[in-house]
Amino acid sequence: MVGWGEAARLPVGTGPGRFDAARDSLAGLAAYTPVDDPLDRPGTGLVATTSWAFEDDGPSVLSVPATVVGSRGGQRWVTAIGPPGDPRLEDPSAALPGPAPVRPHGRVRYAGASQSELAWLDAVARATAEIRDHAGGEPLTKVVLARDRVVWAREPFDTRLLLQRLADRFPSCFVFAIDGLVGATPELLIGRDGRSARSLVLAGTAPRGRDEVEDAELGARLLASAKDRDEHRPSVDSVREAFDGIAEDLAVDPEPWLLRLANVQHLATDVRVHLREPAPDLLELAARLHPPAAVCGSPRDAARATIRRLEQLDRGRYAAPVGWVDPSGDGELGIALRCAEVDGARARLFAGAGIVAGSLPEAELEETRHKLRAMQSAIEG
Ligand SMILES: C=C(O[C@@H]1C=C(C(=O)O)C=C[C@H]1O)C(=O)O
């Protein structure tokens, strides 16, 4: 689904009620917007794109594009959204503009980070020690620590070029660009289609091999790794718990499987849910799930406090829900990973890693390097 222009920007507040407030804004708009939607499929009709701050008090985005072009299961559609009398409403596809040429951004240079690699290694070592020593009140079992990297180009980045490169290299990922947050994430926080909901949980990472033999070996080692299973388990549990009391039926893969991407491979678990009536909408589900242990840690409050103390990074909209939602509460929200905050000719790239008792700081740093490569390759071309 590609949307451009802006028919409406809906207010999203801050604080713990922000997901509810956003849902109310969208419902308010839908209440006085007549919709002609002959297809009536997920993503047709009135939709909004949305991107959330990781922290409750950060700025989030909920925007209704003026034009949406979508494709799903062989069916394609164009939606025009505008005020009464907007000529595009008569025949949305007739009014599609030809694309402007893509402008290359030229050579790029890296320009440091919020925290040096050395300081990040220290933070990981401290987190590992805290997990091992059970220091503090509630024992911490996992925390996800992230870092960033700043890059600048000669000319402003053209988001379309980055999206094209990401889509080519990561065909199985959710590729997104919303208000300057651009990326290709493999992880689905939540998708909802009526009473069916789905989450794809990832945690536990290995690099790809240089050839098939090495690749298979790295994958087999990842599947058998106790340390990576320790990282994966709380991530699945946090998603399972979020559905407590609202699921009529919940199916979780009995064992994690390998999800292979161009730069890394992950342990993956699919969670499929049949929601109880009345089925909570997408943003209510997001409020329950965010932040999942896959990008925060476990237990959640202890992990959040550790992140604030050790990470020394403003996550912005990294590691938070990103995707689309419609007024009936259906939609898809990925977790904004393998992404960059793009501002003109500057971009800030993010990557993190789950830290558990068995983590080695140097190995975690290397893991973030592999993850950063997703955006670096899109930027470097
Ligand atoms: C935090 C990131 O990824 C998360 C952490 C993973 C891990 O530690 O193995 C794997 C997938 C994601 O849930 C990231 O890509 O920045």
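1. **Basis.** Residues are numbered from 1 along each chain as its sequence is written. In this predicted model, local features need pLDDT of at least 70 and side-chain atom pairs count only at pLDDT 80 or more, while totals for chains, interfaces and linings use all residues.

2. **Confidence.** The chain has a mean pLDDT of 96, and 99% of its residues reach 70 or more. pLDDT is the predictor's confidence in each residue, from 0 to 100. For the complex, the predictor gives an ipTM of 0.99 and a pTM of 0.97.

3. **Helices α2 and α8.** Helix α2 covers residues 117–133 and helix α8 covers residues 361–380. Helices here are DSSP runs (H or I, at least four residues), and strands are runs of E of at least two, numbered from the N terminus. The axes of α2 and α8 are 9 Å apart, at an angle of about 125°. That angle makes α2 oblique to α8. Angles under 35 degrees count as roughly parallel, over 145 as roughly antiparallel, 65 to 115 as roughly perpendicular and the rest as oblique. Axes are lines fitted to C-alpha atoms, for helices over the stretch in contact, and angles run from 0 to 180 degrees between N-to-C directions.

4. **What meets at α2 and α8.** From α2 come E117, W120, L121, V124 and A125; from α8 come P361, E362, E364 and L365. Contact means that the C-beta atoms, placed from the backbone, lie within 7 Å. By class, this contact has six nonpolar, no polar and three charged residues.

5. **Helices α1 and α6.** Helix α1 (residues 18–31) and helix α6 (residues 282–289) cross at roughly 170°, and their axes come within 9 Å. So α1 is roughly antiparallel to α6. F19, D20, A22 and R23 in α1 meet L283, E284, A286 and A287 in α6. Five nonpolar, no polar and three charged residues make up the contact.

6. **L261.** This residue sits in the loop between β14 and β15 (264–275). L261 is buried, because 21 other C-beta atoms lie within 10 Å. The cut-offs are 20 or more for buried, 12 or fewer for exposed, and partly exposed in between. Beyond its neighbours within four places in sequence, L261 contacts F170, C173 and P186. S172 is 89 residues from L261 along the chain, yet their C-alpha atoms are separated by 7.9 Å.

7. **W257.** W257 lies in strand β14 (residues 257–260). W257 counts as exposed because it has 12 C-beta neighbours inside 10 Å. W257 and R309 are 52 residues apart along the chain, with 33 Å between their C-alpha atoms.

Terms used:
Two residues are in contact if their C-beta atoms, placed from the backbone, lie within 7 Å. Ala, Val, Leu, Ile, Met, Phe, Trp, Tyr, Cys and Pro count as nonpolar, Asp, Glu, Lys and Arg as charged, and the others, Gly among them, as polar.
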